[in-house]
Amino acid sequence: IITMKDIVREGAQILRKVTDEVVIPPSEEDKETLLCMLQYLKNSQTPELAAKYKLRSGVGLSANQIGLDKRMFAAYIVDDKGEHEYTLFNPKIISHSLTMIYLQQGEGCLSVDRAVPGYVPRYERIKVKAYDITGDEVVLKLSGYPAIVFQHEIDHLNGIMFYDHINPNNPLQLPENVDIKSVF
Ligand SMILES: CC(C)(C)[C@H](NC(=O)Nc1cc(F)cc(F)c1)C(=O)N(CC(=O)NO)CC1CCCC1
Ligand SMILES: [Zn+2]
């Protein structure tokens with residue numbers, strides 16, 4: 001199983017690399033790895049397992065965060081509609097809203113062992129083209145918190161960290177002339 005020791009921390013070059021596309025249809029090994037990444041997220045949101053294995057409660061994990069130069073990520077989001085599991089290869093944002101959102105509390109990262117205060121502007125709505133675990137092409141429309149998680153993970157696959165989006169001079173400054181609102 002994946003635990004915190006498998007998660008690469010900031011400073012590692014792989015977190016700054018644009019990761020390589022995965023060959024579609026995905027190999028058994030790539031499918032297995034992606035499912036293990038999803039399992040980490042589910043384990044980390046299960047109190048007993050999170051405590052037992054000392055896992056940080058994660059909602060998303062990209063392959064380069066476990067040292068793999070592969071364009072794939074898993075996300076596991078529980079909301080009032082239930083559990084949403086995503087295991088995607090070669091995700092691409094094909095369109096997005098002009099309006100933006102940001103998490104009121106700012107963002108963190110499984111690969112960042114420190115708090116970095118500041119607002120991270122994200123698109124409010126995104127349309128993503130990707131391949132699912134069986135290698136079928138899917139087009140997903142996301143908004144709000146799930147859209148933020150996807151943008152955070154797709155950024156990782158492009159070597160971008162959440163704090164790259166924070167205004168260095170004034171972390172709580174929001175972009176000018178942009179329709180942006182906070183999401184709790
Ligand atoms: C950095 C960390 C704090 C571990 C963050 N976890 C998180 O948001 N957990 C969470 C949130 C809930 F709303 C409900 C719940 F059950 C658990 C996270 O996994 N990520 C993903 C990451 O680092 N991927 O590389 C950071 C988030 C910041 C914005 C989107 C993802
Ligand atoms: Zn992250």
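**Pockets and sheet of a predicted model**

Trainee: How much space lies in the largest pocket?

Mentor: This is a predicted model, in which local features need pLDDT of at least 70 and side-chain atom pairs count only at pLDDT 80 or more, while totals for chains, interfaces and linings use all residues; side-chain values use heavy atoms, without hydrogens and water. Residues are numbered from 1 along each chain as its sequence is written, with chains lettered from A and ligands numbered from 1 in the order in which they are written. A pocket is an open set of points on a 1 Å grid where a 1.4 Å probe fits, with protein on both sides within 12 Å along at least five of seven lines, and its volume is the space filled by probe spheres set on the points. For the largest pocket, that volume is about 400 Å³.

Trainee: Which helix gives the most to the lining of the largest pocket?

Mentor: Helices are DSSP runs of H or I with at least four residues, and strands are runs of E with at least two. With six residues, the chief contributor to the lining of the largest pocket is the helix spanning residues 145-157, namely α3.

Trainee: How many residues of the lining of the largest pocket are charged?

Mentor: Asp, Glu, Lys and Arg count as charged. In this lining, seven residues are nonpolar and ten are polar, and the number charged is three.

Trainee: Which strand gives the most to the lining of the second largest pocket?

Mentor: About 290 Å³ of space lies in the second largest pocket. Its lining has 17 residues, and K92, I93, I154, D155 and N158 are the closest to the centre. These 17 residues comprise seven nonpolar, four polar and six charged. The largest share of the lining, four residues, comes from strand β3.

Trainee: Why is one side of each edge strand left without a neighbour in the sheet?

Mentor: The open sheet has five strands in the order β1-β2-β3-β6-β7, with antiparallel pairing. Two strands pair if DSSP finds at least two bridges between them. One side of β1 (60-62) and one side of β7 (137-143) lack a neighbour because each of these edge strands has a single partner strand.
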